[in-house]
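This briefing goes through one protein model by topic.

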Amino acid sequence: MTSNGNGSVANGNGIVTNGNGTATNGLAKIQTHKKHNGICHDDSVPTVKAQTIHELHYLQKKRSAPTTPVTGFQTPFATISEEDRHKQQLQSISASLASLTRETGPQLVKGDPARKSETQVAHVHHHVAPTIAVSDSALKFTHVLYNLSPAELYEQAIKYEKGSFITATGALATLSGAKTGRSPRDKRVVKDDLTENELWWGNGSPNIEMDEHTFMVNRERAVDYLNSLDKVFVNDQFLNWDSENRIKVRIVSARAYHSLFMHNMCIRPTPEELENFGTPDFTIYNAGQFPCNRYTHYMTSSTSIDLNLSRREMVILGTQYAGEMKKGLFSVMHYLMPMRQILSLHSGCNMGKDGDVALFFGLSGTGKTTLSTDHNRYLIGDDEHCWGEKGVSNIEGGCYAKCIDLSREKEPDIWNAIRFGTVLENVVFDEHEREVDYSDNSVTENTRAAYPIEYIPNAKLPCVGPHPKNVILLACDAFGVLPPVSKLNLAQTMYHFISGYTALVAGTEDGIREPQATFSACFGAAFIMLHPTKYAAMLAEKMQKHGATGWLVNTGWSAGSYGHGSRIKLQYTRKIIDAIHSGSLLNTEYKKTEIFGLEIPTEVDGVPSEILDPVNTWSNKKAYKETLLKLAGLFKKNFETFTNHKIGKGNNNLTEEILAAGPNF
Ligand SMILES: Nc1ncnc2c1ncn2[C@@H]1O[C@H](COP(=O)(O)OP(=O)(O)O)[C@@H](O)[C@H]1O
Ligand SMILES: C=C(OP(=O)(O)O)C(=O)O
Ligand SMILES: [Ca+2]
Ligand SMILES: [Mn+2]
């Protein structure tokens with residue numbers, strides 16, 4: 001029990017007593033009788049059971065959820081074992097935050113430093129052994145805000161983080177700082193005995209090496225920064241809805257924004273699961289406000305995102321963009337899952353009423369989130385999945401939708417998900433009404449909303465499904481030469497999966513700009529850890545085994561390249577996707593395109609037939625042919641790096657078939 005300073009104590013119900021049950025304030029309450037005096041109506045209500053404003057505030061909050069910080073007030077049901085459990089929890093967090101170079105670290109306290117009376121008093125030292133060299137950092141307290149609720153995180157953000165506001169629909173608007181997107185060039189992966197021969201290194205690989213020692217330097221920098229703060233946020237959560245392959249993750253961060261983002265994006269533990277959480281399988285140290293030191297070996301900027309698979313840790317310095325955490329963990333899954341013969345996929349995923357599952361692969365901005373969020377189907381997930389022996393499972397517990405030009409009419413489910421609990425990054429809103437202007441890109445083109453998946457009304461919970469029937473490869477072709485939809489054979493599916501093509505336009509400046517072709521192996525080269533052919537072989541094997549059909553869908557330009565033509569209407573793309581799901585697109589007439597050799601349907605319900613073959617939509621046929629050849633050349637050049645890699649095991653001719661499935665000219 002905690003003394004309130006004047007000899008009285010608060011019991012579990014929040015009533016202050018003097019220890020023998022009678023009120024500390026001895027004055028008897030004046031009883032009045034309710035009677036109508038005919039003049040005005042009596043609107044009196046029973047008086048509040050508090051005698052001071054302090055007590056009133058205390059009454060306001062019911063002591064409950066284990067997900068909120070433990071208060072100093074003992075509940076009548078508190079047991080020794082629960083106390084022990086909390087001690088263990090604190091010890092585990094303490095171990096996470098321990099400096100590896102000093103004997104003692106800061107003393108950890110649970111709870112909000114701003115509410116002194118509510119912080120748990122028991123501190124845990126990092127090491128029990130007494131030391132001579134005690135540093136100043138060992139003398140201070142670091143408060144741990146452990147798995148706070150969205151409401152608590154809102155309060156923390158609004159009180160302490162500049163740029164945090166509640167929007168008109170209740171979302172938490174935040175700013176991610178100088179970085180409004182990921183920094184793939186600043187990603188580093190520790191090359192050690194474990195990873196040297198296992199991972200994909202060198203040309204085309206996203207894994208830029210660093211050594212173990214440099215990792216430790218950056219880790220210490222992050223840990224010291226976090227420990228220097230008055231408080232840190234700790235999230236203990238899960239990845240992967242396939243319960244047999246679930247990964248426990250801990251995220252230590254300095255901002256409520258980061259904590260709420262991960263609360264939404266990872267799988268949220270139940271109170272029981274949290275109580276039995278134990279030691280995490282992987283830990284992120286997000287010290288994003290603090291830069292890395294450029295004098296450190298391997299550092300080429302002030303930003304560093306460092307992955308150490310042996311230590312099962314990730315360190316973030318110099319970027320506050322929250323997507324780094326989500327995609328950093330995705331990289332970890334791209335290593336862990338294939339070791340278990342499970343394929344990790346950068347794809348959206350949904351399921352029809354009859355249980356037909358579709359995967360949506362594609363690079364950023366091609367439509368994974370938009371097209372997997374379909375009012376007529378169950379949403380399994382919008383971005384990261386696993387395909388294992390039993391079927392598919394979402395890795396995450398939330399979605400991360402782009403908001404630029406978001407409209408209620410075109411994307412009602414995403415629009416409605418932007419409400420209390422949702423993190424809205426870098427959007428612009430009216431300063432008074434707090435209505436968001438989704439067309440405003442003053443902060444960035446990459447405005448985002450992160451919300452728990454259950455904010456989408458037809459989310460499939462748990463987020464798992466049977467083996468996919470359709471594998472849809474999305475490309476936003478700003479050259480405007482790829483057909484809106486093509487049916488692919490297995491070799492073509494593999495060719496386009498390994499190529500991972502999209503062409504977008506930066507689009508923030510006026511005037512026509514050349515579309516930029518991007519090839520990103522497996523539609524996610526930034527996140528894969530092994531050679532692309534390893535994932536491709538697994539995909540081929542699974543598609544074959546389960547009889548899935550591959551499709552290439554261009555969600556980009558039609559009737560000319562960017563600047564001449566226009567983006568294919570979302571309404572048409574949705575009709576195309578509907579026809580794939582329903583199976584009607586399998587039973588239609590096809591013709592083969594020149595150069596790319598793609599099978600294109602002559603008719604799709606609800607889509608003007610003339611747009612199905614892009615040549616029809618270009619008025620300048622010569623320009624069309626030139627652009628088509630140009631793109632084909634880019635595909636060919638990109639694929640050169642893969643030509644001497646065998647795909648799959650044993651004696652198969654898949655490799656040759658895949659090579660032949662590219663453009664011919
Ligand atoms: N025909 C179309 N198909 C899909 N998306 C489209 C289309 N036309 C415009 N868009 C817009 O393109 C963006 C696709 O982004 P998103 O679904 O977030 O992609 P991803 O999840 O693959 O990064 C959305 O803003 C969507 O409104
Ligand atoms: C969060 C991301 O996913 P996407 O753009 O594919 O939605 C990202 O690539 O940074
Ligand atoms: Ca992406
Ligand atoms: Mn997305």
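**Helix pair α3 and α5**

In helix α3, the residues P150, L153, Q156 and A157 meet A256, Y257, S259, L260 and H263 of helix α5. By class, this contact of α3 with α5 holds six nonpolar and three polar residues, and no charged ones. The model is a predicted one.

- Helix α3 covers residues 150-160 and helix α5 covers residues 256-265; their axes are 8 Å apart and the packing angle is about 155°.
- Because angles over 145 degrees count as roughly antiparallel, α3 is roughly antiparallel to α5.
- The crossing in which α3 passes α5 is left-handed.

**Helix pair α10 and α11**

- Helix α10 (residues 490-499) and helix α11 (residues 532-546) have axes that come within 10 Å and cross at roughly 150°.
- That angle makes α10 roughly antiparallel to α11.
- The crossing of α10 past α11 is right-handed.
- On the α10 side the contact is made by L490, T493, M494, F497 and I498, and on the α11 side by P532, A536, L539, A540, M543 and Q544.
- Nine of the residues in this contact of α10 with α11 are nonpolar and two are polar, with no charged residue.

**Domains**

- The protein chain is divided into domain 1 (1-30 + 43-60), domain 2 (68-146), domain 3 (151-342 + 388-455) and domain 4 (468-577 + 596-660).
- Between domain 3 and domain 4, the C-alpha centres lie 29 Å apart.
- The contact between these two domains involves 17 residues of domain 3 and 14 residues of domain 4.
- Helix α7 provides six residues, the largest share of the side of domain 3 that touches domain 4.
- That side of domain 3 divides into eight nonpolar, six polar and three charged residues.

**Surroundings of ligand 1**

- Ligand 1 is surrounded by 16 residues, and the closest are G367, K368, T369, T370 and T555.
- Two or more residues of this shell come from each of α8 (368-372), β19 (398-402) and α12 (570-582).
- Helix α8 gives the most to the shell around ligand 1, with four residues.
- By class, the shell around ligand 1 has four nonpolar, nine polar and three charged residues.

**Surroundings of ligand 2**

- The residues around ligand 2 are R182, G323, K327, S364, K368, T369, D383 and Y400.
- At least two residues of the shell around ligand 2 are supplied by α7 (323-339), and at least two by α8.
- The shell around ligand 2 is made of one nonpolar, three polar and four charged residues.

**Backbone details**

- The peptide bond from L461 to P462 is cis, with omega near -5°.
- P462 is in the loop between β23 (448-452) and β24 (464-465).
- R434 is not a glycine, yet R434 has a positive phi of about 65°.
- The loop that holds R434 runs between β21 (428-429) and β22 (436-437).

Methods:
Residues numbered from 1 in each chain as written. Chains lettered and ligands numbered in written order. Predicted model: local features only at pLDDT ≥ 70, side-chain atom pairs only at ≥ 80, totals over all residues. Near = placed C-beta within 6 Å. Nonpolar A, V, L, I, M, F, W, Y, C, P; charged D, E, K, R; others polar. Axes fitted to C-alpha atoms, helices over the stretch in contact; angles between N-to-C directions. Parallel < 35°, antiparallel > 145°, perpendicular 65-115°, else oblique. Left-handed = near helix turned anticlockwise from the far one by under 90°. Contact = placed C-beta atoms within 7 Å. Domains from an automatic or database assignment.
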